Amino acid sequence: MCDTCGCDHPESTTYTIPGKEHKHDHSHGHTHEGDHTHTHPHSHGKEEHTHPHSHGHDHAHDHRHGHGGGHAHGHEHDHSHGHTHEHDHGHGHTHEHDHGHTPGGSRQIQLEQDVLAQNNLLAERNRGYFEAKNIIALNMVSSPGSGKTTVLEKTISELRSDHSFFVVEGDQQTLNDANRIKATGAAVIQVNTGNGCHLDADMINKSVKQLEVAENSFLVIENVGNLVCPAMFDLGESQRVVIISVTEGEDKPLKYPGMFHSSDICLINKTDLLPYVDFDVAKAREYALQVNPHLKFFEISARTGEGMQDWYNWLKNLKK
């Protein structure tokens, strides 16, 4: 499981380019530090895979190995027994030896820091690659149902005659969104995270390689629908775009400050529904600016096209 947010380990992730077979990632997103190497054979049906792990002799850690099936095999070696031994030696008194160790919060914090540090290092490598290739990488984030995919469909259809688009679709299951994007003519890869609640920099690195993203193009990452965990994971993007719809509460920026604080652009979508819902656009903007005074807004309706031209113009200016 992810040590930071508790979601499923990245080994359950699959990468699919529509029309091609699934590719399963068996690489381990963690390391064991130490002074010797050994292997653990794991049986997957008729096949057996051997994974090398290097670690020392401190067995107060656990090994979890995901095998693309959405489950993990954990084994823990703990030579510090959490119980009390009482020995009566006939001396008229008792010797008590307490060998218990209670895991503290410091270990969990260290694990979280290690996971994020490793992610951020790879994110910087991604960013450097994108800059060298003049690839504009956008990380689109939102809660489910905000209209991310529709915004992306309309954007690609409007701009693809002058700009190349490559898309990474993040979802827990299905190829539905990837198939919708494929219909626009853009190159797309679906990243299914299983029980995972976010994409990370390593997933983007693998996706970019499989998509063979061209120079001078747009790379649009449609993240897993979630306003919490994706906020913590830098993917190497040049711009983070958070989308909120008028069918949600205008207090979303206050409820999920991390996401709005880390974003550059806020799209307020489905404005065609404003006459029928109780949503105060001015309040939503005010709350968002309390969290992030530098946030730029576009009020749009992807369905009717209202306000979309300003969004298109902003994207075009990124290429200048």
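Visitor: Hi! Which way does α2 cross α8, left-handed or right-handed?
Guide: Hello! In this predicted model, α2 passes α8 in a right-handed crossing.

Visitor: And how close do the axes of those two helices come?
Guide: They come within 11 Å, and they cross at roughly 65°. On the sequence, helix α2 covers residues 148–159 and helix α8 covers residues 308–318.

Visitor: Which residues make the contact?
Guide: From α2 you have Val151, Lys154, Thr155, Glu158 and Leu159. From α8 come Met308, Gln309, Trp311, Tyr312, Leu315 and Lys316. Sorted by class, that contact has six nonpolar, two polar and three charged residues.

Visitor: New topic: how much space lies in the second largest pocket?
Guide: About 280 Å³.

Visitor: Which residues are closest to its centre?
Guide: Of the 19 residues lining this second largest pocket, the closest to the centre are Gly145, Lys148, Thr149, Asp177 and Glu222.

Visitor: Which elements give two or more residues to that lining?
Guide: Helix α2 turns up again here, together with β10 (165–171) and α3 (176–182).

Visitor: How do the lining residues divide by class?
Guide: Two are nonpolar, eleven are polar and six are charged.

Visitor: Nice! How many salt bridges are found in the whole structure?
Guide: A search of the whole structure finds twelve.

Conventions: Residues are numbered from 1 along each chain as its sequence is written. This is a predicted model: local features need pLDDT of at least 70, side-chain atom pairs count only at pLDDT 80 or more; totals for chains, interfaces and linings use all residues. Side-chain values use heavy atoms; hydrogens and water are left out. Axes are lines fitted to C-alpha atoms, for helices over the stretch in contact, and angles run from 0 to 180 degrees between N-to-C directions. Helices (H or I, at least four residues) and strands (E, at least two) are DSSP runs, numbered from the N terminus. A crossing is left-handed if the near helix is turned anticlockwise from the far one by less than a right angle, and right-handed if clockwise. Contact means heavy atoms within 4.5 Å. Ala, Val, Leu, Ile, Met, Phe, Trp, Tyr, Cys and Pro count as nonpolar, Asp, Glu, Lys and Arg as charged, and the others, Gly among them, as polar. On a 1 Å grid over the protein atoms alone, a cavity is a set of points where a 1.4 Å probe fits but cannot get out, and a pocket is an open set with protein on both sides within 12 Å along at least five of seven lines; lining residues have an atom within 4 Å of a point. Grid points are joined across faces, edges and corners, and a volume is the space filled by probe spheres set on the points. A salt bridge is a side-chain nitrogen of Lys or Arg within 4 Å of a carboxyl oxygen of Asp or Glu.
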